[in-house]
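Hi,

Here is the structure I promised to pass on.

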Amino acid sequence: MKNIAIFASGSGSNFQAISEAVQAGHIEANISLLVCDQPGAYVIERARTAKIPSFVFRAKDYQNKEDYEKEIALLLRNRNVEWIVLAGYMRLIGPTLLKQYEGRIVNIHPSLLPNFPGKDAIGQALAAGAQWTGVTIHYVDAGMDTGPIIAQERTRLEANETRESLQQKIQAIEHKLYPSILQMLLTIGDVKHDEKTRAY
Ligand code: GRF
């Protein structure tokens with residue numbers, strides 16, 4: 001089973017959904033570590049309850065991104081972490097982690113990228129009067145929500161849509177889509193195809 005680390009900065013409802021899917025055997029992986037840059041975040045409580053270790057840091061205690069990412073990279077290496085799963089982590093990933101985990105960092109974003117990247121994607125969709133928005137899961141590169149797209153699911157904005165109602169719909173999609181896509185990504189490399197028998 002592969003080891004994954006989840007990076008989060010806030011409430012951690014996606015962390016929770018992933019952790020429950022792991023518990024239920026729907027994702028064949030171990031969550032080795034929560035990485036959190038906000039010492040007061042509720043996600044830390046969720047990790048404690050789930051008995052998942054966490055590394056909590058303050059960016060301002062380090063000289064720069066390279067310094068804290070080096071520390072994180074070492075923790076991940078020591079735990080044989082193979083994938084980084086971003087779930088509401090409000091920082092750009094820098095070259096230190098990008099190099100070590102190239103092609104093995106994924107993120108979830110609450111819009112149909114490339115529409116509404118960056119902060120408050122739900123508010124952006126409402127303000128733009130969009131008819132549709134949704135959820136995107138994508139590989140992470142150096143940009144802000146710019147990496148190659150893996151999966152998307154859409155939802156319609158109703159005439160009386162509020163921020164709360166839209167957020168609820170988006171989260172319901174996220175909590176199903178992220179676990180199922182993670183299971184696919186984590187196991188896809190395990191499928192062996194026998195050229196002679198054409199069997200898997
Ligand atoms: C989610 O909407 C996710 O798409 C975005 O940040 C939010 C995190 O929510 N990147 P939570 O902390 O998982 O509840």
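The largest pocket holds about 890 Å³ of space. By pocket I mean an open set of points on a 1 Å grid over the protein atoms alone, where a 1.4 Å probe fits, with protein on both sides within 12 Å along at least five of seven lines; the volume is the space filled by probe spheres set on the points, which are joined across faces, edges and corners.

Before going on: this is a predicted model, with local features needing pLDDT of at least 70 and side-chain atom pairs pLDDT 80 or more, while totals for chains, interfaces and linings use all residues. Residues are numbered from 1 along each chain as its sequence is written, and side-chain values use heavy atoms, leaving out hydrogens and water.

Back to the pocket. Its lining (residues with an atom within 4 Å of a point) counts 37 residues, and Gly88, Tyr89, Met90, Ile108 and Pro110 lie nearest the centre. Domain 1 (1–102) and domain 2 (108–200) both contribute to the lining, so the pocket lies between them; the bounds come from an automatic or database domain assignment. H6 (163–188) is among the elements that supply at least two lining residues, and its five are the largest share. Helices here are DSSP runs of H or I, at least four residues, numbered from the N terminus.

H1 (13–23) supplies at least two lining residues as well. Eight of its eleven residues are buried (under 20% relative accessible area, 1.4 Å probe, protein chains only), including Phe15, Ile18 and Val22. After H1 comes Gly25, with a positive phi near 80°.

Cheers

Key. Buried < 20%, exposed > 50% of the residue type's maximum accessible area, 1.4 Å probe, protein only.
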